[in-house]
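Visitor: I'm new to this one. Could you walk me through it, one question at a time?

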Amino acid sequence: MRAFLLFFILLFMPALGIAQDGGLTAFSITNDTNGTQTWSLKLQALFLMTALTLLPAFLLMMTSFTRVVIVLGILRTAIGTAQTPSNQILIGLALFLTLFIMEPVIDPVWHKAVKPYMSEQISAEQALSNAAEPFRRFMLNQTRDSDLQLFLNMSGKDHLNNAGEVSFFVLMPAFVTSELKTAFQIGFLLFIPFLIIDLVVASVLMSMGMMMLSPLIISLPFKIMLFVLVDGWALVMGSLAGSFYHG
């Protein structure tokens, strides 16, 4: 601990000395005449790097990625193809499908928040507010009332006048819980036809006395053939994209 404190002091002592001498300041906040605040470039870069570290969490908590990747993983297990498609392919497919599903949300965020902020037309606080509203609307449309009420009761904020008063700290776990429930429901429906094939093949092999032969070896080609004949990938992708409601 002492060595860490000494390293910290030696690291930041030159910056503190420069700031005290009236030279280059690392962080500064300037109050504008209209009441807004302008942050220094280094402070904005610090916030940007912090936001990038939280980007995977935002991807899981605020988009359709959770439902899509879970359904694709369950589908691979139901077919019984082990690591085919690989995890990299499934995650890449889930990412691009997420971008397609989230396009009605990303588009207003770009035009109302990111683009005006980059053009210095609005402040950072206003940009965050404009960017949060489309995501809030999307998550509220996908979240079940029972899941939202559960976390509202746990937080002690169950007396709200409208949905716009729901905090992000309550909405995010409610949204993820609802997404997990929906993903497993879709996965259960996907499992049924492949499970029937496994049962039929196992019954036929047992009736023929071939109990030493694994039913998975025989049923795998039939499950792949069924999935290809019904155009399974198009059905799954279309059903996943259509399962999200954009109000």
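Predicted model: local features only at pLDDT ≥ 70, side-chain atom pairs only at ≥ 80, totals over all residues.

Visitor: How do H4 and H11 run relative to each other, roughly parallel or roughly antiparallel?

Guide: Helix H4 (residues 65-79) packs against helix H11 (residues 232-242) at an angle of about 155°, with the axes 11 Å apart. The cut-off to know here is that angles over 145 degrees count as roughly antiparallel. So H4 and H11 are roughly antiparallel.

Visitor: Which kinds of residue make up the contact of H4 with H11: nonpolar, polar or charged?

Guide: On the H4 side you'll find Arg67, Val68, Val71, Leu72 and Leu75, which meet Trp233, Val236, Met237 and Leu240 of H11. Sorting the residues of that contact gives eight nonpolar, no polar and one charged.

Visitor: Arg67 shows up there. Which side chain does Arg67 meet in a salt bridge?

Guide: Side chains of opposite charge can pair when their charged atoms come close. For Arg67 the N to O distance in the salt bridge is 2.5 Å, and the partner is Glu179.

Visitor: How far apart in sequence are the parts that Glu179 and Arg67 tie together?

Guide: Arg67 belongs to helix H4, while Glu179 sits in helix H9 (residues 168-207). The pair therefore ties together parts whose separation in sequence is 112 residues.

Visitor: And Lys181: buried or partly exposed?

Guide: Lys181 pairs with Asp147 in a salt bridge, at 3.3 Å from N to O. Asp147 has 5% relative accessibility and so counts as buried. Lys181 has 35%, so Lys181 counts as partly exposed.

Terms used: Residues numbered from 1 in each chain as written. Heavy atoms only, no water. Axes fitted to C-alpha atoms, helices over the stretch in contact; angles between N-to-C directions. Helix = DSSP H or I, 4+ residues; strand = E, 2+ residues; numbered from the N terminus. Parallel < 35°, antiparallel > 145°, perpendicular 65-115°, else oblique. Contact = heavy atoms within 4.5 Å. Nonpolar A, V, L, I, M, F, W, Y, C, P; charged D, E, K, R; others polar. Salt bridge = Lys/Arg side-chain N within 4 Å of Asp/Glu carboxyl O. Buried < 20%, exposed > 50% of the residue type's maximum accessible area, 1.4 Å probe, protein only.
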